[in-house]
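Dear colleague,

Please find below the structure I am handing over to you, together with its sequence.

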Amino acid sequence: MKQFKGIPENIQTPILGLVTRNEMSLSRVNRVLIAEEESLLSKGFSALITNNDKKKNKSLPQIKVSEEISNNLEEGDCVLISEDGNIKVVWEKKAPANSILLTEMCDCRCIMCPQPPKVHDKNLIEISKRILNLIKIEKSQTICLTGGEPTLLKESFFEILDAINKKHPKSSVMMLTNGKSFADFEFTKRFVSSRPKDFLTCVSLHSDVDEVHDRIVGVKNSFYKTAMGLQNLARFREKVEIRVVVNRINAHRLESIATFIERNFPFINHCTFMGMEIIGLARDNYDTVWIDPYEYREEISQAMRVLSRADINASIYNVPLCLTEKKSWSFARQSISGWKNDYLPICEDCSVKSICCGIFTTSELHQSPNIYPQ
Ligand code: SF4
Ligand code: SF4
């Protein structure tokens with residue numbers, strides 16, 4: 001998610017609110033006003049975001065930011081402002097998909113996890129519920145429930161599903177999961193009867209070999225639980241996507257993984273092979289997991305061929321076009337998390353920039369040396 005840093009003043013507790021520039025707005029509670037300075041008109045707002053640092057009596061919690069930052073905030077964005085001046089845009093009004101982080105706990109320890117597991121912070125559930133209560137979701141937008149592993153929250157997980165059903169019954173929802181909780185048939189049954197109507201369960205599966213998958217996710221027997229979870233979801237005809245994160249350990253098996261998927265999980269709605277973001281544990285385990293996508297360009301083409309021949313909708317995420325074979329370009333997608341992607345100066349001369357996903361800004365200097373304009 002987009003994050004900015006400002007200079008806080010008078011902020012005692014985290015503030016969650018919808019951004020507005022309308023000083024005349026009638027709804028002020030849970031609204032954060034962007035304005036030149038505090039005035040009578042700003043009374044009642046939860047906080048003020050300003051570019052002005054004139055010393056005045058300041059009763060309203062406020063945060064001073066650069067003009068560039070305030071210009072980056074849209075009317076209707078939902079922001080979480082913390083005491084230290086951090087501004088997280090927890091819901092972007094114009095983004096096609098927004099993630100809601102439900103927990104950082106997980107029952108896997110993936111070697112390339114972008115968000116290393118932590119003990120669950122109960123505040124995340126309360127914040128998530130408040131976000132869901134505040135935001136207005138457009139028809140074209142998707143709520144992406146993410147973690148950690150959201151299903152480990154048990155009752156709180158079902159409360160979140162309930163909150164979506166009540167407040168946003170028609171919205172499209174997806175959830176990122178390692179799929180292991182669905183190995184429990186009773187859990188799956190309850191999930192199916194509680195989930196919002198339009199729901200896509202995105203399950204990560206990183207190999208066709210149990211030992212390889214378990215090595216990547218760092219916990220024994222995960223492969224069998226995830227496979228069982230996928231089968232249970234199929235028994236209820238759930239909408240399922242399989243996500244394979246390509247790394248040095250599985251990159252040479254992409255065709256076999258695709259074959260395994262089409263033979264064992266032909267019911268899935270979508271399968272994606274994804275390039276890796278070099279943050280979190282992927283950065284710590286860089287030498288073990290990093291592989292230049294250029295090295296697996298033939299393998300990923302074969303995987304796409306296998307899946308499309310089996311009539312499975314397949315995609316490549318997070319791999320620039322210049323690192324894939326031309327025959328696979330029709331499978332390559334641009335990211336729906338626009339804030340994550342950027343282009344190198346060299347991309348300016350590229351004829352396919354407008355349809356390329358570019359590079360992960362979060363991966364910083366860890367980029368392929370084979371990026372080259374087409
Ligand atoms: S399943 Fe997801 S959240 Fe859990 S360790 Fe793996 S990558 Fe991280
Ligand atoms: S040069 Fe840049 S824009 Fe062109 S394909 Fe490569 S990453 Fe994409």
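A word on terms comes before the findings: helices (H or I, at least four residues) and strands (E, at least two) are DSSP runs, numbered from the N terminus. With that naming, K154 lies in the loop between β10 and α3. Please note that this is a predicted model.

The backbone may be taken up at the outset. Most residues other than glycine have a negative phi, and most peptide bonds are trans. Against that background, K154 has a positive phi, near 50 degrees, and is not a glycine. With a relative accessible area of 43%, K154 is partly exposed.

The loop between β10 (142-146) and α3 (155-167) also holds G148. The peptide bond that leads from G147 to G148 is cis, and its omega is near 20 degrees.

N318, which is likewise not a glycine, has a positive phi of about 60 degrees. This residue is found in the loop that runs between β15 (314-317) and β16 (332-333). Is N318 buried or exposed? N318 counts as buried, because its relative accessibility is 17% and the cut-off for buried is under 20%.

Finally, I would draw your attention to S181, placed in the loop between β11 (172-177) and α4 (185-194). S181 has a relative accessible area of 9% and is buried. Its side chain makes a polar contact of 2.7 Å with the side chain of T151. Leaving aside residues up to four places away in sequence, S181 touches T151, L152 and F187.

With kind regards

Notes:
Residues numbered from 1 in each chain as written. Chains lettered and ligands numbered in written order. Predicted model: local features only at pLDDT ≥ 70, side-chain atom pairs only at ≥ 80, totals over all residues. Heavy atoms only, no water. Buried < 20%, exposed > 50% of the residue type's maximum accessible area, 1.4 Å probe, protein only. Polar contact = N/O pair within 3.5 Å; in protein donor to acceptor, adjacent residues only side chain to side chain. Contact = heavy atoms within 4.5 Å.
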